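Please walk me through this structure for someone who has not seen it before.

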Amino acid sequence: MTLNLVFLGPPGVGKGTYAKELSKRYNIPHISTGDIFREEIRKGTELGKKVKSYVERGELVPDEIVIEVVRKRLSQDDCKRGFILDGFPRTINQAIALDSIVKVDLVFNFVAPKSVIIERLSGRRICQKCGAIYHIKFNPPKRPGICDKCGGPLYQREDDKPEVIEERLRVYEKQTAPIVDYYRKKGILVEVDASRNMEEVIKDCEQILKAKGLLQ
Ligand code: AMP
């Protein structure tokens, strides 16, 4: 039995936070294409140089680049029992490519009103060292600007700044929303109300996974 999951939803809906938690509970990798790109950019690799301008402007990286990255990552041993894809697929082309690589068991579509999303994104802070996610209002670190877990410095993503947020939400609506239809037609889509707190959202996800026979 595999736990091959895709998490969909606009930027800021909390996908990364839920994915990190479920990945820890079920010992399957959390694969975020955004995290992969940010890491490559930070390290200044060939791939990082190729994708930097897209990521910083909040535009989509070309399909052929993203698909190759995901194909390579999914071929690694730690993905054999399952994985959580977060931020991929974002276009129909990517969804079709994913189907040719692996069988997706279930797709969670996380939804929340736009006002909630904007508030979550603009207050989000991330640890530069360990990637832990905070929110200045809803989940603040004990000491401002410093990670509780590792003491690393917190930063705000370039693309979480208000002028870029609007663009990312527009891009999401236009290019990614059709993917919801794609998976709905396949009968493997479930919708989760992500405007609630994390514990409730996670509990919901686990109940759904059990009901679908994907978890004991
Ligand atoms: P995220 O952390 O998922 O919000 O992704 C940050 C940025 O990385 C996006 O705004 C895109 O520039 C790029 N990116 C991440 N995943 C993809 C994808 N599946 N397709 C195209 N671009 C992506």
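In which helix is lysine 114 found? The model is a predicted one, and in it lysine 114 belongs to helix H6, which covers residues 114-122. The residue is partly exposed, with a relative accessible area of 48%. Leaving aside residues up to four places away in sequence, lysine 114 touches Glu166 and Leu169. Valine 104 is 10 residues from lysine 114 along the chain, and the C-alpha atoms of the two are separated by 28 Å.

Next comes helix H1, made of residues 15-26, which contains glutamate 21. Is glutamate 21 buried or exposed? With a relative accessible area of 15%, glutamate 21 is buried, because the limit for a buried residue is under 20%. Its side chain is joined to that of arginine 25 by a polar contact of 2.9 Å. Glutamate 21 also touches Met198 and Ile202, when residues up to four places away in sequence are not counted.

Asparagine 27 sits in the loop between H1 and strand S2 (30-32). The phi of asparagine 27 is positive, about 55 degrees, although the residue is not a glycine. Asparagine 27 is exposed, and its relative accessible area is 59%.

Further along is the loop between H2 and H3, where threonine 45 is found. This residue is partly exposed, at a relative accessible area of 23%. What does the side chain of threonine 45 make a polar contact with? One partner is the side chain of glutamate 40, at 2.6 Å.

In general, an α-helix has 3.6 residues a turn, so residues three or four places apart point the same way.

Aspartate 159 is found in the loop between strand S7 (154-155) and helix H7 (162-186). At 9% relative accessibility, aspartate 159 counts as buried. Its side chain makes a polar contact of 2.9 Å with the side chain of arginine 157.

Another loop, between strand S3 (82-86) and helix H5 (92-101), holds proline 89. The peptide bond that joins phenylalanine 88 and proline 89 is cis, with omega at about 0 degrees.

The last topic is the ligand. How many residues surround the ligand? There are 17, and the closest are Thr33, Arg38, Glu59, Gly87 and Gln94. By type, the residues of this shell divide into 7 nonpolar, 4 polar and 6 charged. Arginine 38 has a polar side-chain atom 3.0 Å from an oxygen atom of the ligand. An N or O atom in the side chain of arginine 168 is likewise 3.0 Å from an oxygen atom of the ligand. Glutamine 94 places a polar side-chain atom 2.9 Å from a nitrogen atom of the ligand. On its own the ligand has 480 Å² of accessible area, and the protein covers 96% of that. Which elements give two or more residues to the shell around the ligand? They are helix H2 (33-43) and helix H3 (46-57). H2 gives the most, with 4 residues.

Conventions: Residues numbered from 1 in each chain as written. Predicted model: local features only at pLDDT ≥ 70, side-chain atom pairs only at ≥ 80, totals over all residues. Heavy atoms only, no water. Near = heavy atom within 4 Å. Polar contact = N/O pair within 3.5 Å; in protein donor to acceptor, adjacent residues only side chain to side chain. Areas by Shrake-Rupley, 256 points an atom, 1.4 Å probe, with all protein chains shown as cover. Nonpolar A, V, L, I, M, F, W, Y, C, P; charged D, E, K, R; others polar. Buried < 20%, exposed > 50% of the residue type's maximum accessible area, 1.4 Å probe, protein only. Contact = heavy atoms within 4.5 Å.
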